[in-house]
Structure formats: structure tokens, C-alpha cells
Amino acid sequence: MKPSAFDYVAPRTVADAVDALAAGAQVLAGGQSLLLDMHLQRAHPALVADINHVPGLDELTASDGTLTVGALVRHQTFESPGAVPGPLGDLFARAVVTIAHPPIRARGTMAGSLAWAHPASEWCALAVALDAVVELRSTRGTREIPAGEYFLGPFQTAREPDELLTAVRYPLLAPDTGVAFTEHRRTGFSFAQVAVGAALTVRDGVITEARIGLANCADRPLRAHAAERTLIGAEPSSPAFTMAGEAASTEDAAPVPEPYADVDYRRHVIAVLVARTLREAAPV
Amino acid sequence: MVDRWLRREDERLLTGAGRFVADLRVDGRLDAVFVRSEVAHGVLREVDCSAARETPGVAGAWSAADLPGLPPMPGGEPAREWPALVEDRVRYPGEALAVVLGDDRYHAEDGAARVRTRIDPLPAVVTARDAAADSVALFDGLSNVALRGEAGSPIAGEVWERAAVVVESRYRQQLLMPSPMECRTILCVPEGDRLTVWSGHQAPHRLRSELAALLDRPEESVRVVVPDTGGAFGSKSAVFPEFIVVAWLAVRLGRPVRWVEDRRESLLVATRGRGQDQHVRLAADADGRLLAYELTVEADVGAYPHLGVAFPMQTAWMATGPYTTPLVHATVRSVLTNTMITYPYRGAGRPEATSPLERTMDVLARRLDLDPAELRRRNLIPPELFPYRTPTGRTYDSGDHPAALDLALRTLGYDGWRAEQARRRADPAALPVGIGLSCYVERSGGERGSLHDYVGVEAGEDGTVVARCGAASSGQSHSTVFPALVAETLGVEPARVRLIEGDTDELPGGVGSFGSRSAQIDGAGLQHAAGLLIEEARERAARMWDLPVEETAWSEGAVHPVRGTAAMGLSELVKRTGPLRIDERYEADMAFPFGTHAAVVEVDPDLGTVRVLRLVAVDDCGRALDPAVVRGQAFGSIVQGLGQALYEGVPFGDDGVPLLANGLLDYLLPTYAEIPPIDLRETRTPTPRTPLGAKGAGESGCIGTPPAIVNAVADALRLDHPERLQMPLTPDVVWRAAA
């Protein structure tokens, strides 16, 4: 479990960082995924660009209804619900405690999770559910991609190898949005077998907006569009949530078998967990 | 009296000042990396090390063909030899195909990545039941069955026919990884005619004998030293193929060579524990009195016959458990499978005996509509029947099993939990809770042939005392416990006594630390040797003072005349009369610790998740030498038992390769977040087999806890046929059982 030989640079500006990427570097931010892959000989970068010394990438800002999360904002930041305004902060705080354990949360970054794109990633599921936008910089310029178009498969994204994921932007949630996040896993520190994040808006007794993100329910993070459709216009009730869970399980999800979780079991868990998450998210 | 147990290891280990094999610096040392098979079973067609040899920082690379005369593993059969490097047939995933030596592990891994191999895969078998069918033969023309054995006598058909109730069930004791924090290590340093071997190991003298024989050199020319060792749990008690290669190359090259196993290798090729397919029949009369018990074991023993193929007999010998069942018969078939070998893992045969019996007891209780505690109470061996000879050939030394059961029930608040269970059963919104019990008896000290050890106590002119023993700590606090015991016996300050162990140059022989034997055998031996030192001191003083020995006495670390006040301490005595050292080979019989474990769980039947609300462990290890150490041992083994019950397992692909690509993210050990509230209690029944009275401690949790948890889950779900609850009780398993 030793990495192959590699060169290391520590750029001080985004411009220097993207130059390094243009030269073939892989990005070291929190190091919680890249270093593991290097030690397991699954990644063999000839050059590693450590962006931890680039000023400004650790900024977390909210303005004009948009939250901007810089590339170096650590998971841990979101453990405080007040770090992000409104229900979005509450949703992130509920989700972040399901990510690995405290030492990993102290180092790993939200943007790093999106760059790595593990199908079980909690942040990736929330990004697609919340219509996040990913900002990518390279020597060729800057572009933005909606999260819904960004994830292409396990560890595969629309990011080109020379692009640095500099920030993730989220629309803030309206103050009357109800949120919840639940996760099913084997131990406190294992990957999610299934995780579900939800944001619900209820006006005049009926659901007017629903966002459901699914982690580890397919080869990439999913937004459960079919489940959401069953909810719009419905009263927030257990039968409605159960029906949404069934829709998420049978129409949205495409689970693959894992040891200790075959497809039948995973579909069952998705249905149960989506219904439970919605019940918890429903504003009272 | 807390001072007596001042801990000696903690400061060094907790401040990073420990010295493990990987910390030892030796000039010119090479690191070994093994090229491992990615298939479970296949014919080796080619190993090409040429590119590896050209890699910068690589000192050499060899396949079996490059090392003629490399000795095979000891203890096997000529017809089914286990080569140290694969010669023509791969029989387990990860088996070593070649070795690369480099300036450091980084360079050696670079070289290993460039070794080219070609293997034509064969079908693989990974469970004993599959392998026993012999449809895939690991050795052409030979059966996969490596050993057959039995304990007790066959039970007549009419016993089963006449019984009021007969319960029949099948269980699987899954393969487990012992998972010490430090994986296996060896550093071989040739110096002139001598070879010094540093290894995190449980049995240094045995390793010395085996390596000397393999290298065809005198035993005295090999010294084995065990430095700080980060856990073992049974996995570091043998010689391994990698050890042979490293020692062989060190001698051949005349250079120090080291192998420090990493976690990824360990998950593939470290010895594993358990691995049994079991069938049981249990007969009782209408009052729940046990009439007969039959246990049939098919044990995975891994890919090659080795010293461990007979270990499953431990399960057969212990099949009787803590009950007065008059007829017990256990049969064992040890079967070769395409996995790394099974070997003792904490509990070693006793968990495999306890689990099927205790699970079946709960099924029987349900069948008879009896409370499971009451069923056990009716059958536990009463104290007045000890020593108790079991139908499977064991003679239990001592015990008060009903007392342990009662204490466990009281500690748990058994009746209160039964009431809570009834309340929840009446409330459709409440999650069900279940209560599980497990009464166990285990064996400690070892088997015939390993029930002795070498011990020594030496008094120095400076007033210090050195204790020596053949044990080898891998984290059991010997440096704290044994000096305190010797100090107590001699009546000297504990700070004056220090322990030397784990060095074959220090004692003529040694058995090591496994099978819960160190406190029981080495502890009793050290107490005995300290007593002999007192006798010798009195004899010397008697001669010096021209008194009969009876006119001398010993107290507070000094000898004195019975009449008179002039006392002489050990230091003065040694100055006057010369070196004073007692060396003994001490032998004692095995002992049988016992206890009752209880678990309360809450089950979410919709998801299949199990939350352990409480665990209670009542253990009886006789005299506890150091209560804090015993509690630590109990706690650790309970957590490992929790691991077997709920989390740990080795999933295999269809090709027989373990699906553990992400290491400990796939093989899930319980972590702090999984540890429930645990109540430890003890009863104390000293073994009459040594004056010390200590029995083994430290394996109880692996033995007693798993069936308590599984029984609790079955109880929560009110399962009449809990066969579908096979460990580990992962959520999918529980969900299916509940459906």
C-alpha cells in the first residue's frame, strides 16, 4: 500500500493551479480519496497539485439567494446549522454527520466529494437534488455545469482532467422549506447502502415543491423526479410519502448489487427510507 | 492497593515510544514485497521477474523456480505440500507467486508491479460444505477432506425417537479476520553464524525451532526476539510462507531482510478464524431436561493441510457446554478450501461450540414454551458435581454456573426487560426488543503438550529482581502484571521487579502466549519460582547463620531468624552468597472458565437494523491477577464478539476471491460508534489446579457474546425457525428473516 513515485507542487494562485492541471496534475485538497487511491495503486498521478495554499478557495459565502462553497471548504464546516442560512444549513448539518467520521470531516472537502463522484456520496446526491452548479476553471477559461448534467457514472464527471473544481453554488432554500436527511449503512463509519435527502415546501395544505436526492441508488447520484411528481399537489401524508417511496424505488432508482445488499433489498430500503425522510421533512 | 498495579506499558506505548518491528533500524536492511495471485485457484503458467529486477531501488526478485531448495511449510503432508512460493498451482487468493526485495517498501512495490504472471483459473470452492463434495479437487486425485475426528459416542436412534422434543438446526460460523492493529512482521538479521529474528509473535521459541529446522541449522544459532507487538488474537502463532522466504533470503544474501505485512495483504492472506458449517440435534424431555446433543462440524481449514487441521476438534471436545446432557456426540470433518488457512482466532473452537448449542437452547425453550433462563437453569452443571467429566472427554475443574446465570439476569434486570418486551408487543408503533442469553464454558491453558512453560526469578546484587517467562505479550500487559505478582510473592516493592520475556536467548524454552494460558500457566509458574527462590534464600541464610532451615523465616523481601531481629534482604544475601536464580519448567492442567452473557436488542424490521441496547457479561476466570487488565480483556473480546454477530464477514465473488477491495471499508469492524453499554461482572471460582487459582481470561466475549446477540434478535422477531439468522446479522439478513 505505497503510492508510485510522483512529483508535488503547491501552487499559490488559482492560475498556477490550473497550469499544473494543464501539465497533468491531479488535485490534492482534503486528500481523503486521492491519497487512498494512490496507496491502493488505483491512481498513479505523475504530478500532484496541492491546492491547500491557494488563498480564497476556503471561502463560504451567501448572497443574492446563492450559496457559494469554495474548493477548500471542509465537510466539518457544515456541522453547524448556522454556517449556511436557512433550511439549507439545516439540511447540510443533517447530512454532514453521516459522512465518515470526525477526522475525515476535518480534512475532506465538499468540492472534493463532487470531484471524486462516488455513487454513495451524500453531497453529490444533495447537489443534484438542489440544482447546484459546479464551477470549473482551466487555462481555457471558466465554465459552469448544472449538477444534473455533471455526474456521468461511478467516479466519472463532466469535468475535464485539466479543470479545477473551484466552487459549488446552491440556491438557498425558502424559509418555509422542510428538510430531512437519512442514511442506511452497516456501521457508523461505513459507506451508505442508501442515503436520502429531501426538501419539501407545503403551501395551503398541499405540497408545492419537492426535491429528493438519492445516494448509492444507481451508478451516480440521482434526483428522484418520479417520486417528486407523485407529491406535487398532494397533501403531506403517510400514504403520499409511501407512494413516493415506491416510485423512487421502482422508477427512479437503478441499484446495483453489493455484498450484503442485493437489488431486492436495496429497492426495499429505498422505498422505506424515502418515505421516512419525507415524513421527517414535512413541515408541521 | 492501586499502586501495586502501576501500569508499566502505557506511557511508552501511548506517547509513540513503543518499538515495533517496523520501528527497528538496521543498516542495509531490505524490504520484501510479495507478488500475489489475484485468482483463488488456478494453474500457474508463468512468472517473469526480469522487469522487476531492472527497477530502480530493487535488489532482487525471485519466483519459486529461482530459489531451488526453498523449504516448504512445516507440518503438512508430503502428498499435499504447501510451498513457500507457488510452484505450479495456486490454491488460495493472495498466495505468493514471487518476492521482490527493495531498498524500501516503495521501491519493492514498484518492482512487484512489474512482475508478469499468467495463471489459468480453475473453479474455486470457499466453504467446507461445497468443498466436501469433492467436485473441485484442490489436489488432483485426492479428497479435499483432510481430517476426520469425533468426541463422545454415537447416540442410538431410539434416544431421538423417544424424546419429547428434538430440535434440529443448521448454522454457519463465518470466516473472520483476527485483525490486529499491527499486521504480521518479521525482520531477519544475519550476523556471522547467528541469525537474529525480530517478529511480532506469540510463540518465539516455537518460531526459533521451526526456522532452525527449515534453514537446517542448529537451534542455538537462531535467536527470536519479540519487541512491542500490536495485537495477535491467534494470528501470530505460526510460521508462514512469507517468513520462510524472508529468512531464507536473509541468510542467502547475508543481508537483513524485513517483511511488514500491510492491511491489504492481511485481508487476503492472514490466517482466518471460525469457518464451520454445522448441523445439530438436541433432544429433551417434556420438562426440558436435556437428553442428547449431536453436533456435526464441517470445518474450512484452508488450502493446505497444516498444523491447524486438527483445531476444529476443540469444538468437538467442548460440544457438551455447561450442561449435564448425558449423551453428547460431536463429529468433525476438516475440509480443504480455496482460502488462506484457518487458524486459532480469539476463542479458537469454543465460540464454534458455544454458538450452535446456545442458539439451539433458545429454539428448544420456544418449542417447550419455557423461559430460556429457566431451561438453562434446569440443565446447568451444579457446583457439587465438579470436577465434572463430560461425554466429550473434558474434565471441568470447577464452577458455579447457576450463580453466573443468576448474576447476569440480575445485572441485566431480566424481568424488567421482559415487561418492556410485552409492552412493546402490545404497541404496534413500537420497535420490538429481544433478550438473548448465552451460557458458556471454555478451556484455558492449552492442550496436552502445551500446558507447561519455562519461568525464572533472579535476585540481583542491586536489590532488583528479574522475572523471566516463556510467554510473549502482544498487548496483554505482562510487564505490569507479572512483576507485581512476583513482588507480592516475595514481599518486595513492585518497582524492584522487572520482566524479561519474548527473547529466546533468555530462557531454555518457552511455549508462548495463546489459548488464555499466560496468567494461568506462566503466572502460576512465576509464583511457584518466587516461592522456590524464598526457599533457596532461607537455605543459604540457614547455612550462613548455622541454623536449621526451620529456624529461618521470610517476610517483606528479607530472610531472618525465627528468633531474633537481624534480617537480610535479597541484595545483601546475593552479595554474600553469590548469584541467586531459579529456573523452572512449570506444568499445570487446563482449566475451564465459564460465565453467562446477555444481550438486549431493538430491531427495526423494515430495514433489518439491529441496535444493541445492553450487553451484560458475567465471567469467571478464578483469581483475577489484575482486575483492570481482566476488564480490558473482557471488553475487547466482547467487541470482537459483537463484530462476529453483526458486522464481520468475508464475502466472496463467484471466482472465490474475497470482495474486500476497500479493505476495512468492506470488512467492517465494530468501531466506537457501535459499542453499546456493557456491564461487566464476575464470579470467582479459583481453579484448584494451581495454587495461584487463575484461569484464562480474555476470550470470553468472543465466545459468549455472539449467540447472546443472535438469540436476542430471534427473540425480538419471535422466530420459530431462526436458521435464516446466520452471522453476521447484516440488515439484509435480518430483514429477510423478519419477512
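**Exercises on helix packing, burial and the chain contact**

**Exercise 1.** In this predicted model, determine at what angle helix H14 (residues 478-490) of chain B and helix H15 (residues 518-545) of chain B pack, and which residues make the contact.

*Solution.* The two helices pack at an angle of about 35°, and their axes are 9 Å apart. As to handedness, H14(B) passes H15(B) in a right-handed crossing. From H14(B) the contact draws on B:His478, B:Phe482, B:Leu485, B:Val486, B:Thr489 and B:Leu490, while H15(B) contributes residues including B:Gly523, B:Leu526, B:Ala530 and B:Ile534. Sorted by class, this contact has 7 nonpolar and 6 polar residues, with no charged residues.

**Exercise 2.** Find which residues are buried in helix H11 (residues 372-379) of chain B, and where they lie around its axis.

*Solution.* The buried residues are B:Pro372, B:Ala373, B:Leu375, B:Arg376 and B:Asn379. Viewed down the axis of H11(B), they fall within an arc of 160°, and therefore they line one face of the helix. Their packing partners in chain B are strand S14 (290-302), helix H10 (350-368), helix H12 (401-412), helix H13 (414-425) and strand S18 (433-441).

**Exercise 3.** Describe how many residues each chain gives to the contact between chains A and B, and which helix of chain B gives the most.

*Solution.* Chain B provides 22 residues and chain A provides 17 residues. On the side of chain B, helix H3 (105-112), helix H8 (263-269) and helix H19 (731-738) each supply at least two residues, and H3(B) gives the most, with 4 residues. By class, that side has 11 nonpolar, 2 polar and 9 charged residues.

Note on methods:
Residues are numbered from 1 along each chain as its sequence is written. Chains are lettered from A and ligands numbered from 1 in the order in which they are written. This is a predicted model: local features need pLDDT of at least 70, side-chain atom pairs count only at pLDDT 80 or more; totals for chains, interfaces and linings use all residues. Axes are lines fitted to C-alpha atoms, for helices over the stretch in contact, and angles run from 0 to 180 degrees between N-to-C directions. A crossing is left-handed if the near helix is turned anticlockwise from the far one by less than a right angle, and right-handed if clockwise. Two residues are in contact if their C-beta atoms, placed from the backbone, lie within 7 Å. Ala, Val, Leu, Ile, Met, Phe, Trp, Tyr, Cys and Pro count as nonpolar, Asp, Glu, Lys and Arg as charged, and the others, Gly among them, as polar. A residue is buried if 20 or more other C-beta atoms lie within 10 Å of its own, exposed if 12 or fewer, and partly exposed in between; C-beta atoms are placed from the backbone. The arc is that of the directions from the helix axis to the C-beta atoms.
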